[in-house]
Amino acid sequence: MSGHESGINERQRQSRFERSNDVVVMKFGGTSVEDAAAIRRLIAIVQSRLGAQPVVVVSALAKVTDQLLEAGAAAATGHLGAALAAVRSIYVRHEELADALIDGSAYSALDGELRGEFRALEALLHDLEESRQFDLKSQDHLLGFGECFSSKLVTEALCQAGVNAAHVDARTCIVTDARHGQASPVWDVTEQRVQDTVGPLLQRGQVPVLGGFIASSFDGIPTTLGRGGSDYSAAIVGAALCAARIEIWTDVDGIMTTDPKICSDARVIRKMSFDEAAELAHFGAKVLHPGTLAPAMREKIPVYVLNSKRPEGEGTEIVGRARTGNVVSAITARKNVATVEIGPASGIDSERLRAVYAVFDRHSCSVDEMTMSLGRISLLVGSTAALPVIAAELRDVAEVRWENHKALVCLVGENIRRQPDVASRVFAAVSDMDVRVVCQGTSDRTISFLVEESRIEESVRRLHAVFFPQSEPARDWGGLSSAFCQAG
Ligand code: ADP
Ligand code: ASP
Ligand code: MG
């Protein structure tokens, strides 16, 4: 952000949203709104925060985004019947929830709204069938329906429970660039619109409810913030309102030493730094969208990751500075990485290098790591779909070859790279695997390496066993690997 922009923000903040205010942004993920029991838990959690000024951000009901994606793909390949049947079942699911949670005229009004939205969704599927095109722009339009439905449903369910909730269409206040599928907020406009839209509701004592993930470009075309983007929405709204805290309510007890779906003995990390959590998210820990920490960090807003099924738990607190020292805090991994080789040896100068980068950038193909030797460029890229098109575009500049199905395994911890024996312990643990590239990252906080995608879970399990042996206490984990400290 430029100095000019931060000057504007500071004035706005002082005049309208003092840091001392009590806003708490509460984001509930798909499993936290998956059925009537989950929505009742959400209501109880929101009611427990009414002493503050809660703002609620909700994801689509669990699995709905994937189902919409499949329906769109089906329609665009001529299987309109299957697509319509899929959205019909999504509609029925919402209807049943509305029926279970909401009575009388409120139910009828919501039902009318949902029916209207579903007619628009069906019309979109017809268009896709006709055009046989399902590009990122129409994907954003289609996927946004999931958060639209869930946010309206949750608003009415809160009202039914006596909470003075008000629905806010996030697409009217989160304004992004037009990078469909992975849009970024235009900060000043978004900040102003969130303040103008959500601020008055808070002043009237209402509880604003927004769909996460969804936004729109300057010209009002629907965009999304990328898969898992509701976390990011919560952070954007929190930063715009100078919230006192941002709470990410999910289906695990907090950020853990690794994905508990891979290692059942993963432990909760009680406190981490923004930087560590951001690295973890960047390297694939699904629990947080990678964009989430930047707005919170910028405004110094603590982020809490909490379990909506066990709201009494302490969760993980993410703050500016957590306990430092030579530690391994967590292990994560990201799939769908490819190694790319660009040659020939004599042809790459700085101008060509810029051209090469521009092509990767234009196709939203994020480059994780780059090395250059004897005019050959080696890249690690984090999305592989666009590689054939990129190779075709660069045909006249250089030959592009790649290998898919790799995964980056990453260890995160403050000062991890300053520990002389972390790397040797890591490589001893995976010495029989085909470890290709070792990345030291741009900070002292990560060590990562590349393995075949098929070995991802095994390598994570082995490393977890080394750095978080089972004899350690199962909870109250402070992010400090004592096993590592003793050995180090
Ligand atoms: P939500 O729908 O609430 O956004 P997600 O499925 O996006 O939830 O994220 C929660 C999931 O993230 C957990 O169920 C867990 O499997 C996964 N996960 C991956 N890495 C971690 C980690 N280090 N700590 C906790 N959860 C993790
Ligand atoms: N519903 C969206 C997704 O599944 C966004 C989110 O859940 O955060 O990716
Ligand atoms: Mg998520």
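This is a predicted model: local features need pLDDT of at least 70, side-chain atom pairs count only at pLDDT 80 or more; totals for chains, interfaces and linings use all residues.
Residues are numbered from 1 along each chain as its sequence is written, and side-chain values use heavy atoms, with hydrogens and water left out.

The protein chain has an average pLDDT of 89, and 90% of its residues score at least 70, where pLDDT is the predictor's confidence in each residue on a scale from 0 to 100. Two stretches call for caution. Over residues 1-9 pLDDT stays under 50, and the model has nine contacts for them beyond four places in sequence, a contact being heavy atoms within 4.5 Å. Residues 474-488 likewise stay under 50 in pLDDT, and for this stretch the model has 45 contacts beyond four places in sequence.

In secondary structure, the protein chain holds 16 helices and 17 strands, taken as DSSP runs numbered from the N terminus, with helices (H or I) of at least four residues and strands (E) of at least two. Of the contacts in the protein chain with a separation of 6 or more, 77% are between residues 24 or more positions apart. Buried residues account for 53% of the 488 residues, where buried means under 20% relative accessible area, exposed over 50%, and partly exposed in between (1.4 Å probe, protein chains only). The accessible surface of the protein chain, computed by the Shrake-Rupley method with a 1.4 Å probe, comes to about 20400 Å², and carbon and sulfur atoms contribute 50% of that area.

Charged side chains pair in 27 salt bridges, each defined as a side-chain nitrogen of Lys or Arg within 4 Å of a carboxyl oxygen of Asp or Glu. One of them joins E399 to R401 with an N to O distance of 3.7 Å, and E399 is partly exposed at 48% relative accessible area. In another, the closest N and O atoms of K406 and E403 are 3.3 Å apart; here K406 counts as buried at 3% relative accessibility, while E403 is partly exposed at 38%.

A further salt bridge, at 3.4 Å from N to O, links E457 and R461, which both lie in helix α15 (residues 456-467), four residues or about one helical turn apart. Both partners are partly exposed, E457 at 35% relative accessible area and R461 at 39%. Elsewhere, salt bridges with shared partners connect D275, E279, E414 and R445 into one network.

Terms used. Chains are lettered from A and ligands numbered from 1 in the order in which they are written.
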